Amino acid sequence: MSLRRRRDSEGKDEFPLPPTEGRESVEHEKTDIRGDKANIALLLFLYILQGIPIGLIAAVPMLLQNRGASYREQAEFSITLWPFSLKLLWAPIVDSCYIRSFGRRKSWLVPSQYMIGIFMLFLSMHVEQWLGGNGQEPNVPLLTLVFFLLNFLAATQDIAVDGWALTMLKSCNVSYASTCNSVGQTAGYFFGYVTFIAFESKDFCNKYLRSVPKDHGMITLPEFLWFCGWCFLLATTLVAIFKKEHDSAVGNSEVRRRSDIYELNLYESYKILISMIRMRPIQILAIILLTAKVTFSAADAVTQLKLIDAGVPKEKLALLVVPVIPLQIILPLIVSRYTNGPRPMDVYVSAIPYRIVFASMATLIAYFTPYMISGGYVPFYYYVLLVVNYAFYQIFLYCMFVAVMAFFATISDPAVGGTYMTFLNTLSNLGGNWANTAILWLVDVLTWTECVHKNPALVMDNNCSSKKQKEECSLAGGECKIVFDGYYIESVVCIVYGVLWMIFARKWVAYLQNLPKRDWLVAKSPQKSSFTTKIR
């Protein structure tokens, strides 16, 4: 493949750029799914498989909460969500190292999916014991390790499938890849999270699916993992045997001529990453992305667990997602009308105050939940209140999401667009993950508790700050009660933080949007940078 090279101000070769010949004809070619229907169906299926372990990982915190896990343990388990935010670190390896005779993407897809299936079968034999319950403590460190590895494999599979989609489909149909990604991953997440939580709940099954009540759900976590594990092994075997992969190096002229799938080698990929990290605009944007979501971390990470503590059934909370799914599909299309243009981050900043309002409403709902739920009965108006607040919260969440994605697309260097966009997405996702982990860990630290006993002298020095003290309080005939919940301290701090963040970060967001395109290029032209301009 012929390559152009951009030169720096000293005339040195920097990064190879993909050729531009034929690009316009590819971009404006009309879609034609004839001959690609089976490929689209396969991509959709692969993304569905990818979403299942993600959904399962989202369901485990609910199970842990019902089995007495502390918020520090919830914070520890939340690390399992990090691999998708860090996959850029090993994505160049997946792109560059492979067995040509087997296939560039299958070299990673097949082993990853086999390992996911094996992990699920292994988990099915031990997960019930590790989750604890019936007087047994959950083994959170081991659960965290195993589910982290499971999500790591899912993230690796995602890298392989994303890359394969570009060569599996005809050039005129590549746009279907993003649709398969969003629809398939959402469906897999729904199956692994909502479907599992509903069928695992005895209350849901007895009320809606059984004529004769039983004291257990229709499926257990070990059974669900066993079923999914065998599905992964079977599906992967079929893909490995029957699906052939196009090779962009030999034997496929159409794949070879696509300029937009040029792949950098391992050295070039990491060199570009280091160059981006050194860029002043990227450093400012990174600070914004890594600090913005702290404002919403209490609402995003803790509120749902507090509702479970207050007596709201976990399966009901999971099912609240269902009526909002159409809204989540439509919202990006609507919001994109307002983010198309040179200043998409104006929408991002404008949505923050409204999102703060509905995050505050979620905190108030959590506070008044014990007063609205009596005797284990959850009134219908309470679910309506949850759905309405959650729907409005999602509106402004998607406003921020679509706006920042539009800004990423605007500033990304087209010479290394895929790497650039993935790097910025990594920063955005990491900004939410680290904040959620930290806020979960701090709940127990900030919570004030005491052991209440009819004879206070027996429990004078017991503040229920550890599991041992809680056991001692219970054995003495006392009861551990929360004097003040750290969650509400966090919620207030996050709101104040969000207001201060808007005051100080708004000018930096505006400044970044005013920068010329050349300041965002990985390899700049010899023109003078605009960073000599004073920030007003």
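Modeller: Let me begin with one pair in this predicted model: the side chains of Arg355 and Asp300 meet in a salt bridge, with 3.3 Å from N to O. The two residues link distant parts of the chain, since Arg355 belongs to helix 18 (residues 345-372) and Asp300 to helix 14 (residues 297-301), 55 residues apart.

Colleague: What makes the pair of Arg355 and Asp300 a salt bridge?

Modeller: The N to O value for Arg355 and Asp300 is 3.3 Å, and the cut-off is within 4 Å, so the pair qualifies.

Colleague: Why is Arg355 called buried, and why is Asp300 called partly exposed?

Modeller: Buried means under 20% relative accessible area and exposed means over 50%, with partly exposed in between. Arg355 has 5% relative accessibility, so it counts as buried, whereas Asp300, at 36%, falls in between and therefore counts as partly exposed.

Colleague: How do you know that Glu200 forms a salt bridge with Lys314, and what does the pair tie together?

Modeller: The closest N and O atoms of Glu200 and Lys314 are 3.3 Å apart, which is within 4 Å, so the term applies. Because Glu200 lies in helix 8 and Lys314 in helix 16 (residues 314-319), the pair ties together parts that are 114 residues apart in sequence.

Colleague: Why does Glu200 count as buried, and why does Lys314?

Modeller: Glu200 has 18% relative accessibility and Lys314 has 12%; each value is under 20%, so each residue counts as buried.

Technical notes: Residues numbered from 1 in each chain as written. Predicted model: local features only at pLDDT ≥ 70, side-chain atom pairs only at ≥ 80, totals over all residues. Heavy atoms only, no water. Helix = DSSP H or I, 4+ residues; strand = E, 2+ residues; numbered from the N terminus. Buried < 20%, exposed > 50% of the residue type's maximum accessible area, 1.4 Å probe, protein only.
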